[in-house]
2 protein chains.
Amino acid sequence: MVLPEKTVQRLSRYRRLLSKYQYLEEPYIFSHDLARLLNINPVQVRRDLMLIGSTGNNRKGYSVVELIDMISKAIDPHEGLNIAVVGFGKLGQAICKYLSDSHGFQDVVAAFDIDADKINKTFNGVTCYDISKIPQVLRQRNVTTAIMTIPDDYAKEICRILVDCGVKGLLNFTSVKLNVPDGVFVRDFDIITSLEVINYFGCKPS
Amino acid sequence: MVLPEKTVQRLSRYRRLLSKYQYLEEPYIFSHDLARLLNINPVQVRRDLMLIGSTGNNRKGYSVVELIDMISKAIDPHEGLNIAVVGFGKLGQAICKYLSDSHGFQDVVAAFDIDADKINKTFNGVTCYDISKIPQVLRQRNVTTAIMTIPDDYAKEICRILVDCGVKGLLNFTSVKLNVPDGVFVRDFDIITSLEVINYFGCKPS
């Protein structure tokens with residue numbers, strides 16, 4: 001069964017919250033607590049968890065450890081999430097650090113740049129390679145997801161290379177619209193355009 | 001006239017590209033060149049520019065400077081874009097740097113954090129204030145847009161404060177769904193959940 005995108009999104013958020021919760025003493029959580037913490041309707045939470053086969057216990061709620069495990073089985077690809085960051089400037093490095101500080105359901109295994117000062121150096125445990133090494137490193141490290149934090153001018157070309165190397169998921173921080181074949185999933189994170197759009201709609205005199 | 005969101009998005013991207021182009025010798029650009037560089041249909045480009053009253057010249061194309069000016073008039077709020085970054089960790093600082101390195105149609109005028117080591121210090125020209133100073137600084141600097149790069153646990157409370165202080169646009173990097181009143185525009189940038197979603201859909205065995 002393929003889950004709807006919104007459901008996968010919420011399951012990912014439940015797991016992130018649960019993974020913090022698992023360090024507390026309490027091994028159970030109620031759906032209405034999950035709902036409250038994430039600002040979601042509790043009926044929605046129960047429906048999502050039922051979809052992945054988890055029904056909880058009326059009296060005690062859901063087992064936190066069991067729920068994390070069930071969500072992982074439902075939404076993680078079998079191979080694990082090996083990620084590459086392409087463009088290792090300030091933004092690329094910050095995202096890398098942010099991901100390594102998070103609860104680690106994903107793993108940045110390589111970075112790429114053209115800057116000789118960065119190449120073959122390791123930052124926060126991630127080695128930066130010359131951009132020409134993309135095909136080789138992606139194959140070796142079994143990377144299927146890439147984060148693109150490069151200048152717009154290189155976006156189309158780098159996207160083509162990444163897709164040719166088997167990348168199936170792309171987080172695109174450039175402002176270029178990427179054409180990808182069926183089966184490749186792109187999510188756009190164009191910060192500047194988003195700011196301009198929210199400004200346009202948020203600040204329009206009504 | 002209120003422009004459709006997708007149009008505002010594309011106009012923002014045209015302007016960003018044009019603003020680089022304006023440093024070149026050539027004062028004119030053809031719609032098909034804009035289209036090619038951004039990977040958009042040229043008919044779409046001409047339609048968007050016609051919407052803001054720009055028709056160009058069959059022989060020479062569009063004047064770059066004029067086009068930047070017309071786009072700015074169409075999509076920028078009158079007051080200019082004063083932005084605050086709330087949560088000045090690695091990610092907040094990187095976004096700040098990224099925006100200041102960009103072509104500057106927006107301006108980060110303040111940052112906020114709870115870390116005493118950061119407060120009252122200036123990074124890349126942006127001063128970091130204690131989070132309790134939000135109401136005061138936002139009023140003084142006429143901030144209407146905020147970027148939230150704080151831990152999830154604080155998201156709801158900080159969002160409420162920002163909206164109470166007149167923020168009309170929010171770029172949300174937390175994973176918490178924000179409830180905002182009508183007239184406030186939120187754009188979600190949940191990196192980890194997006195990675196998990198693109199992994200789910202990109203890597204599913206077909």
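**Architecture and interface of the two-chain model**

Chain A contains eight helices and nine strands, where helices (H or I, at least four residues) and strands (E, at least two) are DSSP runs numbered from the N terminus. The model is a predicted one, in which local features need pLDDT of at least 70 and side-chain atom pairs count only at pLDDT 80 or more, whereas totals for chains, interfaces and linings use all residues. Residues are numbered from 1 along each chain as its sequence is written, chains are lettered from A and ligands numbered from 1 in the order in which they are written, and side-chain values use heavy atoms, with hydrogens and water left out.

The C-alpha trace of chain A spans about 60 × 50 × 35 Å along its principal axes. Of the 206 residues of chain A, 54% count as buried, that is, under 20% relative accessible area (1.4 Å probe, protein chains only). Among contacts (heavy atoms within 4.5 Å) in chain A between residues at least 6 apart in sequence, 57% join residues at least 24 apart.

At the interface, 67 residues of chain A are in contact with 67 residues of chain B. Because 100% of the interface residues of chain A are also interface residues in chain B, the copies meet through the same surface. Between them the chains bury about 6300 Å², 64% of it on carbon and sulfur atoms, buried area being the accessible area (1.4 Å probe) that two parts lose on being put together, summed over both.

Six salt bridges are counted between chain A and chain B, each a side-chain nitrogen of Lys or Arg within 4 Å of a carboxyl oxygen of Asp or Glu. A:Arg16 forms a salt bridge with B:Asp190, with the closest N and O atoms 2.9 Å apart. Elements that each supply at least two residues to the side of chain A that touches chain B include α1 (5-21), α5 (90-101), β9 (185-188) and α8 (191-203). The element α8(A) gives the most to this side, with 13 residues.

Methods:
Buried < 20%, exposed > 50% of the residue type's maximum accessible area, 1.4 Å probe, protein only.
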